[in-house]
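Subject: Structure for your review

Dear colleague,

Please find below the structure that I am handing over to you. My findings follow directly after it.

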Amino acid sequence: MEKITVVSQSPEETRSLARQIGEGLKGGEIVLLYGDLGVGKTVFVQGLAEGLGVPEDYYVVSPSFSLINEYPGRLRLVHVDLYRLEPAQVEDLGLEDYLEKDSVVAIEWAERLPSDLIPEEAILVRMQYLKEDQRRLEITLPPRQHTP
């Protein structure tokens, strides 16, 4: 596992970093996002969407109420938000049905994901507030991933 720690000075920097990661994804990856409410998880997913070639006319928003949004692109982006779910409810979502070679699954509120559902090769993104727009991002990449 390779860990990268970045201090983002703005939402634009966070989006740019995520775009670079998205550009390097090949399909079949799962990106788990951890962090407090409002820390920038959705901004990160918006950057991933750019890197995956999701058309600009698709506005990537957190699927807090729908739970799962899908977006077309070079690779399909499956955006999941577990904020409103308890861990026992997560197992009923059927997330494994979305783990396909032509897709990337990004899960906000990964803290709610039961540990037995976390794949060993997942990309982990831990985000925390530092101040104002400044965020610390700790990204753990599995051995087969390339750094952005």
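In what follows, contact means heavy atoms within 4.5 Å. This is a predicted model, in which local features need pLDDT of at least 70 and side-chain atom pairs count only at pLDDT 80 or more, while totals for chains, interfaces and linings use all residues. Residues are numbered from 1 along each chain as its sequence is written, and side-chain values use heavy atoms, with hydrogens and water left out.

Overall fold

The protein chain has three helices and seven strands; helices (H or I, at least four residues) and strands (E, at least two) are DSSP runs, numbered from the N terminus. Along the sequence these elements follow the pattern β-α-β-α-β-β-α-β-β-β. The radius of gyration of the protein chain is 14 Å, close to the 15 Å that the globule rule gives for 148 residues, so the chain is as compact as a globular protein of that length. Here the radius of gyration is taken over C-alpha atoms, and the globule rule is 2.2 Å times the number of residues to the power 0.38. The C-alpha trace spans about 40 × 35 × 30 Å along its principal axes.

Of the 148 residues, 50% count as buried. Buried means under 20% relative accessible area, exposed over 50%, and partly exposed in between (1.4 Å probe, protein chains only). Among contacts in the protein chain with a separation of 6 or more, 65% are between residues 24 or more positions apart.

V105 lies in strand 5 (residues 103-108) and is buried, with a relative accessible area of 2%. Which residues is V105 in contact with, leaving aside its neighbours within four places in sequence? They are E29, I30, V31, V78, V80, Y98 and L99. V105 and R76 are 29 residues apart in sequence, and their C-alpha atoms are 8.4 Å apart in space.

S115 is placed in the loop between strand 5 and strand 6. This residue is exposed, with a relative accessible area of 64%. S115 and P87 are 28 residues apart in sequence, with 9.5 Å in space from C-alpha to C-alpha.

Helix 2

Helix 2 is mostly covered, as ten of its eleven residues are buried. The buried residues are K41, T42, V43, F44, V45, Q46, G47, L48, A49 and G51. What covers them includes helix 1, strand 2 (30-34), strand 4 (76-81), strand 5, strand 6 (123-131) and strand 7 (134-141). Helix 2 is followed by G53, whose phi is positive, near 80°.

Salt bridges

The structure holds four salt bridges, a salt bridge being a side-chain nitrogen of Lys or Arg within 4 Å of a carboxyl oxygen of Asp or Glu. One of them joins the side chains of E50 and R19 (2.8 Å, N to O). This pair links distant parts of the chain, with E50 in helix 2 (residues 41-51) and R19 in helix 1 (residues 11-24), 31 residues apart. E50 is partly exposed at 38% relative accessibility, and R19 is partly exposed with a relative accessible area of 29%.

E70 forms a salt bridge with R76, the closest N and O atoms being 2.7 Å apart. E70 is partly exposed, with a relative accessible area of 40%.

In the salt bridge between E138 and R136, the closest N and O atoms are 3.6 Å apart. Is E138 buried or exposed? At 15% relative accessibility, E138 counts as buried, whereas R136 is partly exposed at 27%. Salt bridges that share partners join K3, R136 and E138 into one network.

The largest pocket

A pocket is defined on a 1 Å grid over the protein atoms alone, as an open set of points where a 1.4 Å probe fits, with protein on both sides within 12 Å along at least five of seven lines; lining residues have an atom within 4 Å of a point. The largest pocket has a volume of about 200 Å³, the volume being the space filled by probe spheres set on the points, which are joined across faces, edges and corners.

Its lining consists of R15, Q46, A49, E50, V54, P55, E56, Y58, Y59 and V60. Helix 2 gives the largest share of this lining, three residues. The lining divides into six nonpolar, one polar and three charged residues. In this division Ala, Val, Leu, Ile, Met, Phe, Trp, Tyr, Cys and Pro count as nonpolar, Asp, Glu, Lys and Arg as charged, and the others, Gly among them, as polar.

With kind regards
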